[in-house]
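Please keep the structure open while going through the points.

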Amino acid sequence: MNIFIVEMKAHRKSLIIWTFGIIFMVGAGMGKFAALSTSGQSMNELLAQMPKSMLAMLGIGTLDLSKASGYYGMLFLYLVLMATIHAVMLGADIISKEERDKTAEFLLVKPISRNKVITSKLLAGTVNILIFNIVTLVSSIIIVGKYSKGESVSADIVVLMVGMLILQLMFMLIGTAIAAACKNSRSATAISTGVILITFILSIAIDIDSKIKNLKYLTPFKYYEAKDLMFGGGLQWSFVILSIIIISVMICITYVFYKKRDLSI
């Protein structure tokens, strides 16, 4: 039994739905940009009158929304939120679905070690993440390029997608770690999405109140922000190293707890 192929088939339908969703979000978002840019009203002047809290919730910050790149930078926050929700749910599901679907007995009677099982599952999850990211990259370059009016956007989008890929992998592994450590398999997805919600709200709170800016290390959403990736010099190595540490720790937790786990059969 090839566990990798089984997992890819199991998540094929959801991957298609999520990728169509991300393409629609990019297309709808840039379509809105086209409508606003032809209205004759300066978006930057309009937004300058809005309160800081509202700008933080919209993910705008210091982006120039009169340009396609700046508008896509605002849209990127919501693309990342969608991508990380998919990733953390995927991570939790690939670990907990055997118990949920009552297929754990079928899996465990095979002459396959638990290490090989979890490795195959993580590889399948990673391939799903890569496909999602590549679809987002290609669709973004095509759609944003259509509205860029000669502005070079491809390089900026590539950098953004690298940051998003790291976040996707991080949250997928947070999902697998929670599912492996959680005794109740049915609650793993709920806890994982709760982590997404808390860290996302914290990132917005930091933008609103600079007094808590040091808490940025607690929310991965602050590691790869569009304004920093596009206009602040690209990836910050301190955040990249921290991401690698988190990913490594989550992998270790996943393997250790899955090997010790008493699967309900």
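1. Terms first. The expected span of a helix is 1.5 Å times one less than its number of residues. Helices (H or I, at least four residues) and strands (E, at least two) are DSSP runs, numbered from the N terminus.

2. Basis. This is a predicted model, in which local features need pLDDT of at least 70 and side-chain atom pairs count only at pLDDT 80 or more, while totals for chains, interfaces and linings use all residues. Residues are numbered from 1 along each chain as its sequence is written, and side-chain values use heavy atoms, with hydrogens and water left out.

3. Overall make-up. The protein chain has 11 helices and 0 strands. Of its 265 residues, 45% count as buried (under 20% relative accessible area, with exposed over 50% and partly exposed in between; 1.4 Å probe, protein chains only). Contact means heavy atoms within 4.5 Å. Among contacts between residues at least 6 apart in sequence, 73% join residues at least 24 apart.

4. Helix H7. This helix has 34 residues. From first C-alpha to last, H7 reaches 49 Å, close to the 50 Å expected at 1.5 Å a residue. Lysine 149 follows H7 and has a positive phi, near 55°.

5. H1 against H7. The axes of helix H1 (residues 3-10) and H7 come within 8 Å and cross at roughly 40° (axes are lines fitted to C-alpha atoms, for helices over the stretch in contact; angles run from 0 to 180 degrees between N-to-C directions). That makes H1 oblique to H7; angles under 35 degrees count as roughly parallel, over 145 as roughly antiparallel, 65 to 115 as roughly perpendicular and the rest as oblique. On the H1 side, Ile3, Phe4, Glu7 and Met8 meet H7 residues including Val117, Leu123 and Ile131.

6. The core. A nonpolar core is a set of buried Ala, Val, Leu, Ile, Met, Phe, Trp, Tyr and Cys residues joined through side-chain atoms within 4.5 Å. The largest has 64 residues, of which Met30, Tyr72, Leu160 and Phe171 touch the most other members. Helices giving two or more residues to this core include H2 (12-37), H5 (68-100) and H7 (114-147). H5 gives the most, with 18 residues.

7. Is serine 140 buried or exposed? Serine 140 is buried, with a relative accessible area of 0%. It lies in helix H7. Leaving aside neighbours within four places in sequence, serine 140 is in contact with Val26, Tyr72, Gly145 and Ile157.
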